[in-house]
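Work through the exercises below with the sequence and the model open. Try each task before reading its solution.

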Amino acid sequence: MRALLVAVVTALLTAGTVLTPLPAASASTCVQPIAHRGVHNDVIDEDTVEAILAADPYGSAEIDIHVNADAHLVVMHDATVDRTTDGTGSVHDMTLQQVRALRTTPNGFQVPTLRQALRAAAQVDLRIVVELKRASEWSQPLY
């Protein structure tokens, strides 16, 4: 667990030049909601572009990313696609083509890449908190 924490902190520090700092805290901004995995419900599935766009009223959304077999960053909470899609298997063992063939359950949305998620967030000027899943297994050049 400590190694994972060190890897995440290292990744964040390495990427620090692209991170935007939060504004200084004040009485009105001390606590800001973050839509966990975007806003998901009966009609919008978690960690999808649609869930990110639905988080617009909150100002921030958290997403989870894994690196897949051909080094693409894929938005997915779990290490496997079993719970959240119509497929089975490990995200890390799938190519981007295989991931793109998946549909989220129960509503059938596309599984986005990090690039697609960030583009969606930019459309509505939404802050994104990215959780790097299994970051200790990522190669340094990927950071």
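The model is predicted, so local features need pLDDT of at least 70 and side-chain atom pairs count only at pLDDT 80 or more, while totals for chains, interfaces and linings use all residues. Residues are numbered from 1 along each chain as its sequence is written, and side-chain values use heavy atoms, with hydrogens and water left out.

**Exercise 1.** Determine how many residues of strand 2 are buried.

Solution. Strands (E, at least two residues) and helices (H or I, at least four) are DSSP runs, numbered from the N terminus. Buried means under 20% relative accessible area, with a 1.4 Å probe and protein chains only. In strand 2 (residues 60-67), 8 of the 8 residues are buried, so the strand is largely enclosed by the rest of the structure. Next, sort by face: in a regular strand the side chains alternate between the two faces of the sheet. Ser60, Glu62, Asp64 and His66 lie on one side, Ala61, Ile63, Ile65 and Val67 on the other, and both sides are covered.

**Exercise 2.** Identify which strands pair with strand 2, and in which sense.

Solution. Two strands pair if DSSP finds at least two bridges between them.

- Strand 1 (residues 35-36) pairs in the parallel sense over 2 bridges; histidine 36 stands opposite glutamate 62.
- Strand 4 (residues 127-132) is parallel to strand 2, over 6 bridges; alanine 61 faces isoleucine 128.
- Strand 3 (residues 73-75) is antiparallel to strand 2, over 3 bridges; isoleucine 65 stands opposite valine 75.

**Exercise 3.** Find the residue with a positive phi in the hairpin of strand 2 and strand 3.

Solution. The hairpin has 5 residues between its strands, and alanine 71 takes a positive phi near 65 degrees.

Notes: Buried means under 20% relative accessible area, exposed over 50%, partly exposed in between (1.4 Å probe, protein chains only).
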